[in-house]
Structures are given as C-alpha cells and as structure tokens.
Amino acid sequence: MTQPAPFLSDNAAPVHPQVWEAMRAADHADNPYDGDALSAQLDERFSDLFGRPCAAEWIATGTAANCLALATMCQPHGGVVCHEEAHIEVDEGGAPGFYLHGAKLMLAGGEGAKLTPDSIAALIDPIRDDVHQVQAHAIAITQASEYGLTYSADELSELSEFAKGRGLGLHMDGARFANAAANAGGSAQEAARAASGPVDSLAFGFIKNGGMGAEAVVLFDPEQASLVKYRRKRAGHLQCKGRYLAAQILAMLDGDLWLANARHANTAAAEIAGACGDRLMYPVEANELFVRLSGAEREALRAQNFAFYDWGADAARFVTAWSTRQEDASTLAKAIAGL
C-alpha cells in the first residue's frame, strides 16, 4: 500500500541523517549526566548564536522545556499570561500546573494566537493588587504562533517593554522557532530579539525540525541556569547519558542545519499556500497552513493519498517539514487548486 503524503505534523518527520551520525560519534565513554564534553559546549554555542551571554540546558521534550523555564520566573501563587489557544494551555495536559506547583495560566485573546500589550493589559489590569487574587508573574508567547504567525522584531520589543514595565518575565515557546527565524531572514537574534534582551527564556525546538529527542532551554540570564538544573533533576529529566542529547543539538547548530531545515519546510509551505488563495485562514509565515475546506473536499484530498488533520468542521491543517519532498508539495498544491 502506498504511504500517504505526510502533512499531519512535523513531529512525524524522520530524524535528519546528520543527527544520527552525531549520536553515533558520541557513542563512547564520557562523563555522565551533563558533565560530558558535548554538553559543556552548549552555553558558548548558543551565546554565539544569539550574540549575548546565555546558558543552555538540554531537555528531552518541549513540554518540559517550557515548564522548567517558566518555573524560574513564576511562583506557585502566581500566574503566567498566555494566549487562550497557546500550546501550554491546550496541548500539555496540565503540565504547567504540575511543574509550577499550581501556578495559574491566565488566558488572553488575540488574532492568530498572538498576544499584544493591549490584550495582556485587558486581562491583568482589572486584577486587584491583594492576596485574594492571582497576580501575573510572567508572559508566555509562541514563536511561531499556534496558527503559524510570527512575531516581528518590533512586536517583540513592544512586548518586552510592556513586560519589563510591569515586572513580568517573558518566555518564548519556540517549538517552531527555526521556522520563525527563517521567515525573519535567517536571524535567530531577530526572531527572539535576544541581542537587546527582550526575551528572558526560550524553549528552542529541535525535534520538529530534524532532531530525535532533544530540545534546549535557553536562559538569557545565565544565573537562572542553576535553578533549571535543580528543577530538571527533580522532574526526572536529568538523563544519565546527556551527551546524546547534546550531540543532537550541536549537530543541528553546525553549519546552521537548523535554519536550512526550516527554510526547506517554509518553502514547501509557501508553494502550497500559493494554490490556496482565499481559502487560507491566516497568512503562511512558517510551515503550517490552515485551509478552509468542506468535508467533501477533505475526503477528496484524502482519496488522493494526502494525510492531514481536520481543523474544526470546515477547515484542515497541513504541516510541512524538513523532509517534505518537493513533488509532494507540488502535487498537494495542484490538488487544492483543482478542487
């Protein structure tokens, strides 16, 4: 039976060959946990990437990466402002409450799952400054957003200024950070505005982009790294052979493989978007497409051997990946155009 053309999720993509090779190269004796030679390189490599001192810790999942970072800036009696459709609210099974020991997610609105200073202010300004109401301690944004939209450098600067003015930490869920950076012209600094310090922490995603099982928690206040180290151990995420996680991350950073992979995925998404016209629910700024399709149209595409998720009653989501074949993207574009 012919395998369906995969547009379900970039989580379903295979591991990049260079990542496998790096893990094989790391397959020798070294110090356990994060005391190995590869893990020791992460701080310097990410500092070079972002153009300022930072600390980076490997972690096996995006869920844990987000939660461990947020735990450094939110006390159990506080709250984290996020979009009502943020991944940490909708798709992480209550993990933020677990890792943050009961801290509350405070839900704001915004087009395309993006937050603005105004939408955050509308949520937190009515909160009384007393012990009877949960006070916001941090803001969490997603780059690219849950609808594939990217925050511009100016938008990030405005959010940073707002957060600092209110004494709030600012965290970035970067599960598809590479795709956002590719959309921003290939600059990690622009995608996080890290050179000037707007983002306090970043969950840098690698698994969706060709990794096997490694993400990075990047802390732009290196002094917070010790907190993450202790919390990572307590949460059961300190792997005894951490060099294999570090090897994956370093392989993706070498030669900007992370960026090349994201550019490939974005290019495939852009080709499909060109065939969608006014069916698109949102502009395509990364590697996700949300397309208005009737039930009959979706079945017609599945009959042509395309795999994707329904998105509500009258839409579908298509996700491209580093491994998306040019012919599959072109064939899907022609199929949508022919509906």
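**A walk through a predicted fold**

Asn 66 belongs to helix H3. What does the side chain of Asn 66 make a polar contact with? The partner is the side chain of Glu 92, at 3.4 Å. Setting aside residues up to four places away in sequence, Asn 66 touches Ile 88, Glu 92, His 171, Met 172, Asp 173 and Ala 203.

The model has an open sheet of 7 strands with mixed pairing, in the order E2-E8-E7-E6-E5-E3-E4. Its edge strands are E2 (55-59) and E4 (104-108), each of which pairs on one side only. On average, and ignoring direction, neighbouring strands of the sheet are turned by 25 degrees against each other. As a general rule, strands of a sheet pair through backbone hydrogen bonds, either parallel or antiparallel. Here, E2 and strand E8 (residues 215-219) run antiparallel and are joined by 5 bridges. You can find one of the pairings by looking at Ile 59, whose bridge partner in E8 is Glu 215.

Helix H3 (residues 62-71) packs on this sheet, where it touches E2, E3 (78-83), E5 (135-142), E6 (169-174), E7 (201-204) and E8. The direction of H3 makes about 175 degrees with that of E6. Helix H11 also packs on the sheet, touching E2 and E8, and its direction makes about 115 degrees with that of E2.

Next, look at the nonpolar residues. In soluble globular proteins, nonpolar side chains tend to be buried together. In this model, the largest nonpolar core has 59 residues, and the members that touch the most others are Phe 46, Phe 50, Ile 139, Phe 204, Val 218 and Trp 258. Which helix gives the most to this core? It is H11 (residues 243-253), with 9 residues. Another core lies apart from this one; it has 27 residues, among them Leu 70, Cys 82, Tyr 99 and Ala 203.

Aromatic rings are our last stop. The whole structure holds 16 aromatic pairs. In one of them, the rings of Phe 290 and Trp 311 have centres 5.1 Å apart and planes at 70 degrees, so the pair is edge-to-face. Phe 290 sits in strand E9 (residues 288-292), while Trp 311 is in the loop between E11 (309-310) and E12 (315-319), so the pair ties together parts that are 21 residues apart in sequence. Are these two residues buried or exposed? Phe 290 counts as buried at 1% relative accessibility, whereas Trp 311, at 31%, counts as partly exposed.

Compare the rings of Phe 308 and Phe 318: their centres are 4.7 Å apart and their planes at 35 degrees, so this pair is tilted. Phe 308 lies in the loop between E10 (306-307) and E11, and Phe 318 in strand E12, 10 residues apart. Phe 308 is buried, with a relative accessible area of 4%, and Phe 318 counts as buried at 0%. Finally, ring pairs link Phe 46, Phe 50, Phe 177, Phe 204, Phe 206, Phe 220 and Trp 258 into a cluster.

Key. Residues numbered from 1 in each chain as written. Predicted model: local features only at pLDDT ≥ 70, side-chain atom pairs only at ≥ 80, totals over all residues. Heavy atoms only, no water. Core = buried A, V, L, I, M, F, W, Y, C linked by side-chain atoms within 4.5 Å. Buried < 20%, exposed > 50% of the residue type's maximum accessible area, 1.4 Å probe, protein only. Helix = DSSP H or I, 4+ residues; strand = E, 2+ residues; numbered from the N terminus. Pairing = 2+ DSSP bridges. Axes fitted to C-alpha atoms, helices over the stretch in contact; angles between N-to-C directions. Contact = heavy atoms within 4.5 Å. Polar contact = N/O pair within 3.5 Å; in protein donor to acceptor, adjacent residues only side chain to side chain. Phe/Tyr/Trp six-rings, centres within 6.5 Å; stacked < 30°, edge-to-face > 60°.
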